[in-house]
Amino acid sequence: MTMTWRKIVPNLITLAALLASFFCLVFAASGKFYEAAQLIMVVLILDGLDGILARLLRGTTKLGAELDTFVDMTGYGIAPAMILYYLIVPDAGVWALALVVITLFSGAIRLSRFRIVDPFRGQHGYLGLPITVNAGWVAMVVMLSHSSNGRFDAASLTEGLPALLIWSVSAAMVFLQVSRVRYGKPVKNPAVFILGAVMVILLFVEQYAHVSAMAFLFGILYYAFISPFLLKHERMEEASEDQEELDARRS
């Protein structure tokens, strides 16, 4: 009974993340982009929490790993694509639709490859930019453009140099998702996860939301474009080789 409880709790957190992902889609389709962006970040925290609990409770399961994949695709692949579709396609046209399509396709390819090539499910790093990063970028840009304390207005997402810069960064991240660039796991330290959770909570406090969103944006840019140059790539490669050797011995 104890073991069953240990397995159920993390899966309940995963299902909560899936539910938040669903309502993110509902809000995006209803034009409530600010709320949809907030929910993407809620999904991010719940998605991290389920894995932490599973390891702490020793309740990791194959079912949980599969459920997590559905959360990832819904919350970080489909949700940002839907936000972009309803937010910028009506005004920006073809190039915005192209961004929506490559966001969706890249997310699906990224997650499919992740399931095939990474037996550690990201515990030793990632091949290609994690899908969560671009989703966070889209969410923070939307929040900053739709907040009363935001740093730019909604029009800057569909026209002019600001729109070009913002969505060029997003497009670059989408391509990095399916690249062979290696990334470290950003939340190995529990303190980092706790800090991230506090920052997400601040996104729901009006007077601090824009500050937290800006902090997230700078963190995203650092992780996506600078951190790969600081990563010791051999760690992930050696871990993969160790797993292959272990599998060979078992067979």
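Helices α3 and α6 pack against each other in this predicted model. Helix α3 covers residues 62–87, and α6 covers residues 131–146. Two numbers describe any pair of packed helices: the angle between their axes and the distance between those axes. Here the angle is about 40°. The axes lie 9 Å apart. An angle under 35 degrees would count as roughly parallel, and roughly perpendicular runs from 65 to 115. The two helices are therefore oblique to each other. The crossing of α3 past α6 is left-handed.

Stay on α3 and look at alanine 65. Is this residue buried or exposed? Alanine 65 has a relative accessible area of 19%. The cut-off for buried is under 20%, so alanine 65 counts as buried. Asparagine 11 is 54 residues away from alanine 65 in sequence. In space, their C-alpha atoms are 9.1 Å apart.

Helix α3 also has a part in a surface feature. A nonpolar patch of about 680 Å² is formed by Tyr85, Tyr86, Leu97, Val101, Leu104, Phe105, Ile109 and Val178. Two elements supply two or more residues each: α3 and α5, the latter spanning residues 94–117. Which of the elements gives the most? That is α5, with five residues.

Now turn to valine 178, another member of the patch. Where is valine 178 found? The residue sits in the loop that links α7 (160–177) to β2 (182–183).

Key:
Residues are numbered from 1 along each chain as its sequence is written. This is a predicted model: local features need pLDDT of at least 70, side-chain atom pairs count only at pLDDT 80 or more; totals for chains, interfaces and linings use all residues. Side-chain values use heavy atoms; hydrogens and water are left out. Patches are made of residues with over 30% relative accessible area and no salt bridge: like charges are joined within 9 Å, nonpolar side chains (Val, Leu, Ile, Met, Phe, Trp, Tyr) within 5 Å. Accessible areas come from the Shrake-Rupley method with a 1.4 Å probe; for residues, only the protein chains shown count as cover. A salt bridge is a side-chain nitrogen of Lys or Arg within 4 Å of a carboxyl oxygen of Asp or Glu. Helices (H or I, at least four residues) and strands (E, at least two) are DSSP runs, numbered from the N terminus. Axes are lines fitted to C-alpha atoms, for helices over the stretch in contact, and angles run from 0 to 180 degrees between N-to-C directions. Angles under 35 degrees count as roughly parallel, over 145 as roughly antiparallel, 65 to 115 as roughly perpendicular and the rest as oblique. A crossing is left-handed if the near helix is turned anticlockwise from the far one by less than a right angle, and right-handed if clockwise. Buried means under 20% relative accessible area, exposed over 50%, partly exposed in between (1.4 Å probe, protein chains only).
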